[in-house]
Amino acid sequence: MFEFLDQIFVILRHWLVSFLPAAWQQPAGVVMSVAVIVVLFPALFALTTVFERKGLARIQNRFGPNRTGPFGFFQPVADGIKSLTKEDIVPSSADAAVHFLAPVVLVVAVYMGFAVLPMGRNMVLVDMDAGLLFYFAMGASTELAVFMAGWSSRNKYSLLGAMRAVAQMISYEVVLLLSSVTVVMISGSLSLSKIVEAQNHYTWGLPHWYIFTPWGLAGFVMYAIAATAETNRSPFDLPEGESELVAGYHTEYSGFKFALFFLGEYLAMFSISGLGTTLFLGGWSAPFSWLGWVPSWIWFFSKLMMSIFVFIWMRGTLPRLRQDQLMNFAWKFVLPMCLLNLLVAALWRFLGDGWVKWAVCSGILIVAYVGMGLLEMRRGHIGPRSYRYAE
Amino acid sequence: MSLVFYLIAALVVAGGLAAMMLKNTVHCALAVTVAFAGLALLFLNLDAQFAGFAQILVYIGAVAILVVFAILLTKGSETPKDGVFSQTWLTGLAVASAVFAVLGWAVLQTAPMLPRATATPVVSVQQIGQALIGQYVLPLEIIAVLLTAALIGAVIVAIHEKEGAN
Amino acid sequence: MQESISFTPQLAASPIAEILWLIPAVPMVAAGVAALLKQAMRKTSATLAIGSMTVSLLLSLVAFAHVIAGWAHGQAVRETVNFTWIQAGAANVDLGWVLDPLSAVMLVMVSFVGLLIFIYSTGYMAHDENYTRFFCFLSLFAGAMLAVVISNSLLLLFMGWELVGLTSYLLIGFWYQKPSAAAAAKKAFLTTRVGDVFFLLGIVWLFAQTGTLLFYDHGAGSMEPGALAALLTQPAALGLTAAGAIGLLIFAGAAGKSGQLPLHVWLPDAMEGPTPVSALIHAATMVAAGVYLIARVYPLMQAGALTGGSTTALTVVTWVGASTAVFAALIAVAQNDIKRILAYSTVSQLGYMMAGLGMGGVAVGMFHLITHAFFKALLFMGAGSVIHGCHEEQDIRKMGGLKADMPLTFLTYTIGMLALCGFPLLFSGFWSKDGILEAAQHWSVARAPFYMLVFGALLTAFYMTRQVAYVFFGYWRGKKPAHESPAAMTVPLAILAFFAMALGLIGTPLWPWFRAFLDGRATGFDVHGFAEPGLLALMGTSTVVVFLGLGLGWRLYGGPAPRPEEPDVLEKAVPLVWGWLQRKLYVDELYGATVIAFYGWWARVSDWLDRRVWGGAVAGVAWAFGLWAQLNRFLDTNVVDGGFDKGCEELSTGGGLLAQVQTGRVQTYLRILAVAVVVLAAILIWSSRA
Amino acid sequence: MTPLAAYLLVAALLFAIGLAGALTRRNAILVLIGIELMLNAANLNLIAFWRYGPHPEALTGMMFAIFSIAVAAAEAAVGLGLVIQIHRHAKTTDLDQMNRMKG
């Protein structure tokens, strides 16, 4: 029974495919899963927008959208219709072809990422041997799309926004890679499904998720930071910092193309959260061994939504950084810590089993972080925040 | 030869040609990106998964970005008044075509004795990794040093001198 | 005769063996941290060093207990943890550490003595401004030494070995402001290098022969029968087997480190370092490293020996050791610097150890090493305390009557001195030295070493008595009155004094615990221990010898010692001999006259060659050319001038033409390159086609 | 025509294109791009030979390609850095105007 629930989609696909001639079955299956992904995540996106707006509203003491439909849940539909029916403006001096290509490339590249994410037991589109590498390759190619958008609109704001975005994404991509490499080092595989399998063990009913190891925790924090920056979410949303450059690289976009950008941002958020879940939070594995009967895809998506919620929460809470702060943070704090984390992971790998590795690894990390914190405090870079309210 | 190969090959060549012939430098950069992507596809078509993804990651993710940055930093995006091709472009073209002629001739000369299609080799990333830190560990180290040196060197070369220097 | 238990290497190493690496690691980490501290943070550094040493000591004790436990259950523990360090193609270099009686005993000794000396140093160095640096070096040394001790691989041992040499250099030259100290440091470093070169050669040769540097590797190690058999079949030069040759090379390294005869010169000068350093490095541990090394590779040294027989390597070891013992003891008689006397006695005792190894086997040598470590450390620290009390005075002629001023120091020092002399029955030195003498007595090759060693014992007793008489008896000949040292210095003295006495009891013939432990035999009390042929006689002899030495010394120096300026008693008697001894038998001068002089001479020769021969030749050539030039000028000015100018113009125009190629355009060059490629490729294919 | 030959031809063509670009363009950056293309053509050759060579399990060709990709990245970084610096000094990236090293 539970197996059936767990594998329901796989079984469904088999059943549907079985009507076709044998030659077509395999491609048809792929097409089917692709179609599901292509439909599913935009739906999730619609849902998320309304949740985000309502959540932010709660955080900021106001009602969010509450007119269209029950509790304003049909708001995304209205937005969708609006953005589809709006006029698609292309600036006269813009580089039309590139201007058009940019959002397409972005969305396609982002969609590619989902191909390797295992969304449940046996629920991965292509179980690639180099899945992680593929994911990062695709992630890397989004930057170009952003640049295209910014450059092609022939608009200073757009160009600056794009440049900022690209610089920021490159800087944080390094961090993203390094923090993921630790997982690869320990699990010994680049295939995401294998990585999940490696975490799908339990001792005393508790899972072996990598976040529950010293290096895993540190790596996950780094990963979360980098992910926020990669997706240009607050507090790293300088590329579209309204107060400085109107809307960053998609200032000159309207209507459907803008919607595509918007979609792209959220899809990127989903896929990167999914990757984080897969790498550190045990993917589709249950948090307790006795909860194993719950279908795996439920776990995956609930973890996904959890991290999405954290994203929203951060956006509601944290103020935006300055560009120099952003870069310094990336290169002078996060990157060194990631390198240290690599070392720690290596130690973890080679110190064998037993308490020694726990002691050594957590010792090193704690010393490093506390030391860094004390140093910064002495330098006065960090400390109790002092707000200046408008008198 | 499969159709896929011809399509990708056409894509690559088209990208390359566009990159070398377009007027607007940024367009060239984007075109070369297309060529890079096509090459990555060719690698995949050759069952070299790892190399393919590495190609995308490095060339599209890094080199292309570097190039566009460089273009924007050197005001290269506006087309120069006296043409995009150098005065001696004709000889250049001739030489290049000569090179192609020789290479192609060589290939065709040896074509008959080239091996026919072989069984697709199965290479797991793990094998590659083990080869990298096993048999090829020395090159790997050297590459690491080289990349570090290049990083520092690029920064030092491109860094803006303070006032007073030179 | 108890039957021997064969060493059965446990396949699975016990937990303590697994974490044995922590023992050296902890002090090294401490050193690393101390290196980062500010000079001002004295307390921290001292605490760090002592704390780390305590940890090491505790771990060592655990390891020791583990070994004893295994031994008590009747199997001799030898647990190794090996891992591959470098894997270059087929050949791979392994490192590892071993826990067996030998290393266990050494571990405890080193960490224990080390700890005491660390504590002592807090008192001794209290007023030094480079306190922190000092403790950093000390910890580093301790770590390196412990690494040497635990290492199961000749390579790892060599690493520790060199590190130890480095720290020794740093610590001898600790007061680098003193030119003498700097010179001594340099001397020590270079002299030991001489030995180390041979050592390295030995290592390389061993690796080339056996393909491994591990000592014990479950039958595949280089110290295990398989490899040794291979080495024995392998002939080397001078009728030596490869085993013998490698053994000799390694021994050369050992001789360098523990000041054996040709290479002993650095050790006395090393006394320029702070006294705790002299005590720790140049008495107790580092100089013993050489002995330990020989003990480690003993299977190699012994390889091919028939039962009761000896091998070339061991014979060499014995002779060198014995002659060193006598030689150094002789010199020690005529020294006046309190620390130099001890230094020479250290050299001679090391000679004893080597001889013991050579004739009696591991246990004999190691036993003397351990006991000597304790009482010699005690003596040095006592000397330090004396020096401290006499306001940095080191000349024993300027001391005297200190037994009243520094009673504690006097008491402990005397105990140490008696132990060193081998005062019968209740001092450790007696038993360990006795073991060596016994071995010498039964040695099959020659008799001479026995007599040499007995003579050495006599001298030892004599010069120690002389020193004590000078320092503690008679009346105070210094300027400011002396004072007793702080507790931080005296307490370790007391502890060491206790061990200097008690330690002998684990090695008496009555209960040869230590020897049995190292050889992995079962043991127990047996009164027949004394009944072995000639043993009692031997003990009698040595007792007589010791008393003779003591008596002679007291007879000569017992009375009020002479004033500093007037000559020594012996000097009055035999000024000539005394002169030789005072000048350390002119070894330094010998080296000065041979090696160094040779270099100087060679330098001068090459200088002369440069000036006269080559220089002359060049000058001649120059002269010839000058002549030629004269001729040319004549010809030029009159004959070819016009033509020559023409040629020049031609050349310059040609150069100009050629320079045209250098357009300074990248693309041109690239183009030329491409053309070249085309041409070459075309030629290539064309030729291959035909 | 064997697949290997086809790949080699494509590589040759790409190489020629890159060379042509490097020889004919004025803009230094585009010359660099041309060189990158040539490098990529070489990589394609390596991979193709690896794939159709006698010992694909030896990974030699692939390794070579991977290393050369890494080297190419370094080369691009330094080259572009140089171009930027040159532009800073000479206020141009036009190679025809950069002939100060003329003999």
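Colleague: How many residues does the contact take from chain B, and how many from chain C?

Modeller: Happy to! This is a predicted model, where local features need pLDDT of at least 70, side-chain atom pairs count only at pLDDT 80 or more, and totals for chains, interfaces and linings use all residues. Residues are numbered from 1 along each chain as its sequence is written, with chains lettered from A and ligands numbered from 1 in the order written.

The contact (C-beta atoms, placed from the backbone, within 7 Å) takes 11 residues from chain B and 10 residues from chain C. On the side of chain B that touches chain C, six residues are nonpolar, five are polar and none is charged.

Chain B also meets chain D. The axes of helix 3 (residues 49-73) of chain B and helix 2 (residues 28-52) of chain D come within 12 Å and cross at roughly 175°. That makes helix 3 of chain B roughly antiparallel (over 145 degrees) to helix 2 of chain D. From helix 3 of chain B come A51(B), V63(B), V67(B), A70(B) and I71(B), which meet I29(D), I33(D), E36(D) and I47(D) in helix 2 of chain D. Of the residues in this helix contact, eight are nonpolar, none is polar and one is charged.

Now back to chain C. A377(C) is among the residues with the most contacts inside the largest nonpolar core, which has 222 residues. Helix 16 (residues 362-389) of chain C gives this core its largest share, 17 residues. Leaving out residues up to four places away in sequence, A377(C) touches V113(C), I117(C), A279(C), A283(C), A284(C) and L496(C).

How values were computed. Contact = placed C-beta atoms within 7 Å. Nonpolar A, V, L, I, M, F, W, Y, C, P; charged D, E, K, R; others polar. Axes fitted to C-alpha atoms, helices over the stretch in contact; angles between N-to-C directions. Helix = DSSP H or I, 4+ residues; strand = E, 2+ residues; numbered from the N terminus. Parallel < 35°, antiparallel > 145°, perpendicular 65-115°, else oblique. Core = buried A, V, L, I, M, F, W, Y, C linked by C-beta atoms within 7 Å. Buried ≥ 20, exposed ≤ 12 C-beta atoms within 10 Å, placed from the backbone.
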